[in-house]
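Let's walk through this model together, from its loops to its cores and packed helices. Have the viewer open as you read.

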Amino acid sequence: MKEQYSLHNPDVKVKYLIYHHHDPDDGEMKVFVDEDLDLEWECDDRAGKLINTPPLKMAVRKIVNEVAALEPIAHNWPEDLKLTSKRLLGESVASILRDDSEGAAAALENARKFVRAKSKQVSRYWTLQGCFVAGGIAAVAGGVQILARSCFIEYLGRTPFLLALCFWAGCVGALLFVVLRLGTQPRVDSTAEKELHYLESAARIVGGGIAGVLVGGMVKLGLILPVFGQTGMEALAMCAAAMIAGASERLAAGIVTKVENHKTAESNQEEQNE
């Protein structure tokens, strides 16, 4: 937040005026949001002397510091939300300049609640945006692979072709995980940069694809759902299991643990028989 002890600065253009006070005795002051959506306040020398007089000076400094801590959270927000947050924060500054400590505290608390609530919503929007892009690419790639399956099978072989399908299916499953809130969602808010949300989204989608390949490979090896391989529905079982694995945080790890425990039990049984 910028503060100036000069009025009528030609370099500063007001986008939204929050408060303007002009009195021959008290001087002139105003609080506004400029064209860059930065919150600013200005006053002339007479008003500046009043503001710098204790105890108002300490009260103003306290409110200004708290506003300065909240304002950067909205830095990357959409313009309408960003303007609303600056207006709410500006009301607290305007109240303290009027020597209304209670009103300033109440306005600041309202602004804090708004910023906290909208921060989660903006973060959710960025996460969904990144997941839809990454998941959409995976869905299109999987569809192309299915349509041109004869070429892919001839070039890659049947098993790599099926494992690649499992990757795309796992990616789509990971998208469903985020969209339907099937488990613990990423704990990031809009104080983090938009790029971090996109990176987190891409990592979650790719992680779902890797889990899909792992579980699909187990189906292919007959470690899980072996009945589908015997009935000729192996490809369907692999893709379905891969999508479920991508949509579940714990399924792939749980299956690996179950297989390991099963193999360990078999080994122990063989040793006892010997």
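Where is Leu-37 found? Leu-37 sits in the loop between strand 3 and strand 4, where helices (H or I, at least four residues) and strands (E, at least two) are DSSP runs, numbered from the N terminus. Before going on, a word on the ground rules: this is a predicted model, in which local features need pLDDT of at least 70 and side-chain atom pairs count only at pLDDT 80 or more, while totals for chains, interfaces and linings use all residues. Residues are numbered from 1 along each chain as its sequence is written, and side-chain values use heavy atoms, with hydrogens and water left out.

Back to Leu-37, which has a positive phi of about 60° although it is not a glycine. Leu-37 is also buried, with a relative accessible area of 8%; buried means under 20% relative accessible area, exposed over 50%, and partly exposed in between (1.4 Å probe, protein chains only). Asp-99 has a positive phi as well, of about 65°, and is not a glycine either. Asp-99 lies in the loop between helix 3 and helix 4, and is exposed, with a relative accessible area of 53%. One more backbone feature deserves a look: the peptide bond from Pro-54 to Pro-55 is cis, with omega near 0°. You will find Pro-55 in the loop between helix 1 and helix 2.

Now zoom out to the whole chain. There are 10 helices and four strands, and reading along the sequence gives the pattern β-β-β-β-α-α-α-α-α-α-α-α-α-α. Buried residues make up 38% of the 274 residues. Taking a contact as heavy atoms within 4.5 Å, residues 24 or more positions apart account for 64% of the contacts with a separation of 6 or more.

What about the interior? In soluble globular proteins, nonpolar side chains tend to be buried together. A nonpolar core here is a set of buried Ala, Val, Leu, Ile, Met, Phe, Trp, Tyr and Cys residues joined through side-chain atoms within 4.5 Å. The largest one has 33 residues, of which Val-31, Trp-41, Trp-77 and Leu-97 touch the most other members. At least two residues of this core come from each of strand 2 (14-23), strand 3 (27-34), strand 4 (39-43), helix 1 (45-51), helix 2 (56-70), helix 3 and helix 4 (101-147). Helix 4 gives the most, with seven residues. Leaving aside residues up to four places away in sequence, Trp-77 touches Lys-82, Ser-85, Phe-114, Val-115, Lys-118, Ser-119, Val-122, Trp-126 and Ser-190. A second, separate core has 15 residues, including Ala-169, Met-218, Ala-241 and Ala-245.

Helix 3 (residues 79-97) also holds Ser-95, which is buried, with a relative accessible area of 6%. Not counting residues up to four places away in sequence, Ser-95 touches Asp-100, Gly-103 and Ala-104.

How do the helices pack? Two packed helices are described by the angle between their axes and the distance between the axes. Axes are lines fitted to C-alpha atoms, for helices over the stretch in contact, and angles run from 0 to 180 degrees between N-to-C directions. Helix 4 and helix 6 (residues 158-179) pack at an angle of about 155°, with their axes 9 Å apart. That makes helix 4 roughly antiparallel to helix 6, because angles over 145 degrees count as roughly antiparallel (under 35 is roughly parallel, 65 to 115 roughly perpendicular and the rest oblique). Among the residues that meet are Leu-128 and Phe-132 in helix 4 and Leu-165 and Trp-168 in helix 6.

Helix 6 packs against helix 9 (residues 234-247) too, at an angle of about 35°, with the axes 6 Å apart. The residues making this contact include Cys-166 and Ala-169 of helix 6 and Cys-239 and Ala-242 of helix 9.

Cys-166 is buried, with a relative accessible area of 0%, whereas Cys-151 is exposed, at 51%. The structure holds zero disulfides.

Note on methods: A disulfide is a pair of cysteine sulfur atoms within 2.5 Å.
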